[in-house]
Amino acid sequence: MATEHALTPSGYIEHHLSFNSQSIGNGSFWTIHVDTLVMSVALGIIAIGLIWLVARGATAGVPTKRQAFMELVFDFVDDQVKNIYHGNRHTFIAPAALTVFVWVFMMNAMDFLPIDIVAKYIVEPIGGEHTFWRSVPTSDINTTFALALTVWFLMIFFAIKSKGLGGWIHELFCSPFGTNPLVWPANFLFNLIEYVSKPLSHSLRLFGNMYAGEVIFLLLGLWAATGVTGTIAGAILGAGWSIFHILIVALQAFIFMMLTVVYLAMAQESH
Amino acid sequence: MDINFTLVAQAIAFFVLIVFTMKFVWPPLLNAIETRQKEIADGLAAGEKGRAELEQSSKRATEALDVAKVKASEILALAEKRATQIVEDAKGTAKAEGDRIITGAKAEIEQEINRAKEGLRQQVSTLAIAGAEKILRKEIDAKAHAEILTAIAKEL
């Protein structure tokens, strides 16, 4: 898309991996990725809103096809949560799992759209030519970290809620090795590593998969720019990668949901 | 890899979505599904109950039929017995009646015979007296010999 400077492969890739950043204050932290935010919020409203519309008119009698589909998703999530978490899942964990699954799935699924289609036909008419726009919110590490950190805080919140602040601190120092004061540092170190590694692995797994998928699409798009042969090969490989990506999109959404449920369930069980 | 305020905004959006799902999406779906599950379970239980009842009532019907059959055959046997008895009774009555009639007739006949004998005797005595009167003519006085005459008539 960047035509004012020479169309080089690295320029093409760099352009497509740039976010639409808007500064809202001093310092690099006070910027917002408008593309990520708009896409994710819009997808969240569309997906959850759609389920809400169906759920609002849900009947216990013979369900409509729409309701049957939503119940399929509902049952799928509910079954997973039921197997992992044995408390009252309906108050928080199961709805949270449904939100995570649906939202992440929708955000991942943006990878199926042709790379520039949103930028070309929706954003550029509004924001002018060469506006940066990345359609896949989950290939922005801010999104995946935001989700993982929210889950992380919820995890700590539920741990304290179910064990009490004292119980939680006790567990930080006294598990997994025992209550002997000599092993307190080791226990604390262990728990510290666990608490740091959880959100990291949680968010980076999703981010890595979606980022890599996007880069491969970009490379195939780059190939298509080299001529007729490249276009044909790029189209065929792009179709193949898209089909394979269906699996990745669904699988990563599922894994993200499962980890969310597992972390939240673990937080409420004592070791 | 720039971490910036987007993270905070996304986290808020995520939290809002979770709360929304928790409050407005999950409960109605859960309610609908659980209500339906309960209704289906109830329906199945009712069906099972109905089938059991049907089985039981058909068994009862068969039993009632058997009882009725036994009773009918009993009644039939009783009726047959009664009929035989009635016939027997009738036979007895008829016989007795016949005997009675026969006895009556015999008695009547006897009576008739006796009456005829009596008549005959009277006639014979009259005849005898008449014969004797003819033989003795004048010598016999009806009044004087009335005693003898009556004795003779009685003897005859």
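These legends walk through several close-up views of a predicted model.

**View 1. Chain A as a whole.**
Welcome to chain A, whose secondary structure amounts to eight helices and two strands. Starting at the N terminus, the order of elements is α-β-β-α-α-α-α-α-α-α. The C-alpha trace spans about 70 × 55 × 40 Å along its principal axes. Chain A has 271 residues, of which 34% count as buried. Among contacts in chain A with a separation of 6 or more, 66% come from residues 24 or more positions apart.

**View 2. Where chain A touches chain B.**
Here 40 residues from chain A meet 29 residues from chain B. On the chain A side, two or more residues each come from strand 2 (31-33), helix 2 (34-56), helix 3 (65-84), helix 4 (93-109) and helix 6 (141-174). Helix 2 of chain A gives the most, with 10 residues. Sorted by class, the side of chain A that touches chain B holds 25 nonpolar, 12 polar and three charged residues.

**View 3. Helix 2 of chain A alongside helix 1 of chain B.**
Zoom in on this pair, and you will find the two axes 9 Å apart, at an angle of about 5°. With that angle, helix 2 of chain A counts as roughly parallel to helix 1 of chain B. From helix 2 of chain A, the residues taking part include T36(A), L37(A), S40(A), V41(A), G44(A), I48(A), I51(A) and W52(A). Their partners in helix 1 of chain B include A9(B), A13(B), L17(B), F20(B), F24(B), P28(B) and L29(B). The residues of this helix-to-helix contact divide into 14 nonpolar, six polar and one charged.

**View 4**
Which residues of helix 3 of chain A are buried? They are M70(A), E71(A), F74(A), V77(A), D78(A) and V81(A). As a reminder, an α-helix has 3.6 residues a turn, so residues three or four places apart point the same way. On the other side of helix 3 of chain A, the exposed residues are K65(A), A68(A), L72(A), D79(A) and N83(A). The cover over the buried residues of helix 3 includes helix 2, helix 4 and helix 8 (228-267) of chain A, together with helix 1 (5-136) of chain B. As for length, the 20 residues of helix 3 of chain A should span 28 Å at 1.5 Å a residue, and the end C-alpha atoms are 29 Å apart, which agrees.

**View 4. Helix 4 of chain A, a mostly covered helix.**
Of the 17 residues in helix 4 of chain A, 16 are buried. At 1.5 Å a residue, helix 4 of chain A should span 24 Å, and its end C-alpha atoms are 24 Å apart, which agrees.

**View 5. E124(A) in helix 5 of chain A.**
Look for E124(A) within helix 5 (residues 117-127) of chain A. E124(A) has 16 other C-beta atoms within 10 Å, so this residue is partly exposed. Leaving aside residues up to four places away in sequence, E124(A) touches A119(A), E129(A) and T131(A).

Is A239(A) buried or exposed? A239(A) is exposed, because it has 11 other C-beta atoms within 10 Å, and a residue with 12 or fewer counts as exposed. From C-alpha to C-alpha, A239(A) and S28(A) are 38 Å apart in space, and they are 211 residues apart in sequence.

Note on methods
Residues numbered from 1 in each chain as written. Chains lettered and ligands numbered in written order. Predicted model: local features only at pLDDT ≥ 70, side-chain atom pairs only at ≥ 80, totals over all residues. Contact = placed C-beta atoms within 7 Å. Nonpolar A, V, L, I, M, F, W, Y, C, P; charged D, E, K, R; others polar. Expected span 1.5 Å × (residues − 1). Buried ≥ 20, exposed ≤ 12 C-beta atoms within 10 Å, placed from the backbone. Axes fitted to C-alpha atoms, helices over the stretch in contact; angles between N-to-C directions. Parallel < 35°, antiparallel > 145°, perpendicular 65-115°, else oblique.
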